[in-house]
Amino acid sequence: MAALRKLRWTFIIVPLLVVLTFLIVYPVLTLVLGSFRLEPPRGFNLSLEGLTLANYIRVFSHVRNYQALKNTVIAAGLGTLFSVITGSWLAWLTARTNVPFKRLIGLSAIMPLFLSSMVGALAWITLASPNSGLINLLFRDLGLPFRVNIQSMGGVIFIFTLYYTPYVYMFVNSALSLMDPSLEEAARISGASTFRTMQRVTLPLVLPSILASAILVFVFMMEVFAVPSLLAEPAQIPFLASSLYRYLGTVPPDINQASALGMLLLVITTGLVSFQHYVVSRRSYVTVAGKGLKQQIIDLGPFRWPAAFSGLLYIVVAAVLPFFAILINGFRSHMFIPHITRIFENMGTRHLDFVMSYAPARTAIINSLWMGLATALVGGVLYFVVAYVIYRTNLPGRRVLDWISMLPVAIPGLVLGIAYLWAWISLPIGLYGTVWIMVLAYVARLSPQGVRASGTTLVQIHTELEESARICGASPVKTMWRVIVPLAKPGLASSMILLFITSVRELSTSIFLYTPKSVVLSVIMYDMWENGMFGGVSLLALVQTTLLLGVIVVAQRVFGISVRS
């Protein structure tokens, strides 16, 4: 009977390995081999013949690429540092202090998730461009000598900090909320001050979460394409992502050199993820105790209000001001403002009428909606099954399945976009140029998020429920469908919502795979920006943000899912 059950599971795990190998392993292998070749790959050509280092020699012979690497590392490093400081501060305020407006500050910390970093960069160009930014106009009309310039290295770091802080906040807030408070109480009983307790007990225990979030946001910042392109390119500051795009924008595109440069990003991010695993695995950080323990709330005394102000300042800078800028830019007939008091003059629906009549924009909105839904459904179901095999069975091969599903976390989206382009463009099934190549790319790109989100739900369901069903004669598939799926429905829905939101915002992967028929919102927004259609870009940014917020509202009503800090 046990042998028959294992045979049944073999018919599940083998197809899963085949699917993930096609979605993830095959494109990555194609990219690696392509970086050592002088001609584009054809189909499933993974032979080792004709390999050369010529692409690497040509790539690293350009001084601009070294400058791009240095700028990328500096911007991502400083952005990560400031994101960790800001996110950890907000997490500590909401989880462990008596700061006023705690719920509002918690919501403000995750609000930028609904604004992609590209939309944030576009909004801050309206606010702080050197010549016509609204903030600079205000300074000018007040007679102040100050000026800010968002289109600079400092501007890139600023946008990185604003729009990647939520990832740090969610990691650290969760760690602080789940930590056993008896450890801190023991330190206080021993005579340690609040600061000493935080330094010697709290900080070391949440270090894995801080490190995990730091690695994650550093990888995101290394790979992001839109922010350096919008803010650094006008100032002639090279970044690796922009250099990759430039190689592919030549005629004919130099895909081999782009792959060699992409391998540099791959090596850096893989090394960082491996370092994180090494550090975390060297000691135990298990501190989660029973639900009966209540966290110690620190009284900030007279510093409560300054602390609250710092939290509210973040939402103003990261969400309120960008929304205001997008609205102004989207409904003003032109952006020439003679005086800051006349900012609300010349308002109208000119740009709205243009967007509604602009066929590529309508196509992009429809495609983004359908691709987001398809990614959520296909990816949600696939990675729920993958997570079930990984977390609820002892089948041989499940660790390989886990490793493959986590592989994209170490590979920048821009690099994966090149890999998908190479791997799938020559397939005889006619995949390239359709919306399905985008859906498959999104599903593969988001596998770490999908598997981990589903796995978090599954580990909370006691195994006794499955054992009872099997004792009653239910097959593994029937047990999953009748027992696990109903109990995991909220978590499965959350995973699908995450996949939808992330895929609608995705640009780095999409920029290499779209065609006029499969163009999506993020791509059309970037294209319109390059063509000077600033008002139309702002309106599409509003459409994208409204779409994401609408999904969250529907999820709250239908599935009872809420966005909480």
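Visitor: By class, how many nonpolar, polar and charged residues does the lining of the largest cavity have?

Guide: Rolling a probe the size of a water molecule over the atoms shows where empty space is left. In this structure, which is a predicted model, the lining of the largest cavity has eight nonpolar residues, three polar residues and no charged residues.

Visitor: How many cavities of 30 Å³ or more are there, and about how much space lies in the largest cavity?

Guide: The count comes to two cavities of 30 Å³ or more, and the largest cavity holds about 60 Å³ of space.

Visitor: Turning to helix packing, at what angle do helix 14 and helix 15 pack?

Guide: Helix 14 (residues 350–357) and helix 15 (residues 359–392) pack at an angle of about 75°, and their axes are 5 Å apart. Angles of 65 to 115 degrees count as roughly perpendicular, and helix 14 and helix 15 are therefore roughly perpendicular to each other.

Visitor: Which residues in helix 14 and helix 15 meet?

Guide: On the helix 14 side they are Val 355, Met 356 and Ser 357, which meet Ala 359, Ala 361 and Arg 362 in helix 15. By class, this contact of helix 14 with helix 15 has four nonpolar residues, one polar residue and one charged residue.

Terms used. Residues numbered from 1 in each chain as written. Predicted model: local features only at pLDDT ≥ 70, side-chain atom pairs only at ≥ 80, totals over all residues. Heavy atoms only, no water. 1 Å grid on protein atoms, 1.4 Å probe; cavity = no way out; pocket = protein on both sides within 12 Å on 5 of 7 lines; lining within 4 Å. Points joined across faces, edges and corners; volume = space filled by probe spheres on them. Nonpolar A, V, L, I, M, F, W, Y, C, P; charged D, E, K, R; others polar. Axes fitted to C-alpha atoms, helices over the stretch in contact; angles between N-to-C directions. Helix = DSSP H or I, 4+ residues; strand = E, 2+ residues; numbered from the N terminus. Parallel < 35°, antiparallel > 145°, perpendicular 65-115°, else oblique. Contact = heavy atoms within 4.5 Å.
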